[in-house]
Amino acid sequence: MYWVLASERSDEKELTIDGIPKIIEDLDLNFDYGVNIIQSVPIIDVLYSTNDGKFKTDNIVVATRVGLLTNKKLRNILDSLNIDNIRYYPTRLINNDSAEIDEDYKITNIIGKIACVDKENSELALYPDGDIELIDKLVLKLEKNKRYGHIFRLSEFSPIIIISNLLKTKMEEAHITGVKIYPPEDYNL
């Protein structure tokens with residue numbers, strides 16, 4: 001079984017980062033497309049504020065184009081499964097209020113997309129060109145004997161990340177925060 005991994009908060013006090021870091025803008029990078037970035041990427045500074053009492057999670061919810069922003073705890077789980085389609089980029093979280101620098105987080109790029117949306121059985125709103133605009137119900141069409149790996153993005157809508165049952169179990173056992181895991185048919189966007 002495969003699941004949708006959504007970068008979502010469970011509590012309004014969880015830190016979210018709305019802006020796109022300047023270097024990502026300047027270099028026109030996108031870590032949500034499922035594409036390997038071959039150019040050299042310098043350390044990415046991500047600015048945030050905690051003056052409103054917000055706290056960090058294992059994955060911090062960030063703006064589009066940034067991908068996942070994961071701490072060592074979550075990266076250790078990913079690495080324990082010998083996943084080879086992930087690239088990490090050095091990142092510094094810089095607190096605007098205290099100037100504290102946290103280097104425990106890295107931008108995490110999930111590389112690889114698989115076309116597996118069952119458009120006939122899913123409930124989707126499509127753009128005129130056929131791309132997905134909205135999802136009310138997502139149905140995946142996966143072949144039983146095909147290996148899909150532990151994590152990938154959907155070709156039909158690359159911001160959506162799909163994970164294996166084993167990865168889901170490991171994340172739940174470790175009480176990973178900053179994500180929600182949905183059965184595909186319960187996921188909407």
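A nonpolar core here is a set of buried Ala, Val, Leu, Ile, Met, Phe, Trp, Tyr and Cys residues joined through side-chain atoms within 4.5 Å; buried means under 20% relative accessible area, exposed over 50% and partly exposed in between, with a 1.4 Å probe and protein chains only. The model is a predicted one, in which local features need pLDDT of at least 70 and side-chain atom pairs count only at pLDDT 80 or more, while totals for chains, interfaces and linings use all residues. Residues are numbered from 1 along each chain as its sequence is written, and side-chain values use heavy atoms, leaving out hydrogens and water.

The largest nonpolar core has 18 residues, and Ile17, Phe31, Ile44, Ile60, Leu69, Leu93 and Ile107 have the most contacts inside it. Strands β3 and β6 (86–95) each supply at least two of its residues, and β3 gives the most, with 3. (Strands are DSSP runs of E, at least two residues, and helices runs of H or I, at least four, numbered from the N terminus.) Apart from this core lies another, of 17 residues, including Leu78, Ile110, Ile163 and Met171.

Now look at Asn59, in the loop between β3 (44–48) and β4 (61–62). Is Asn59 buried or exposed? Asn59 counts as buried because its relative accessibility is 0%. Its side chain reaches the backbone oxygen of Gly178 at 3.1 Å, a polar contact (N or O atoms within 3.5 Å, within protein one able to donate a hydrogen and the other to accept it; residues adjacent in sequence count only if both atoms are side-chain atoms).
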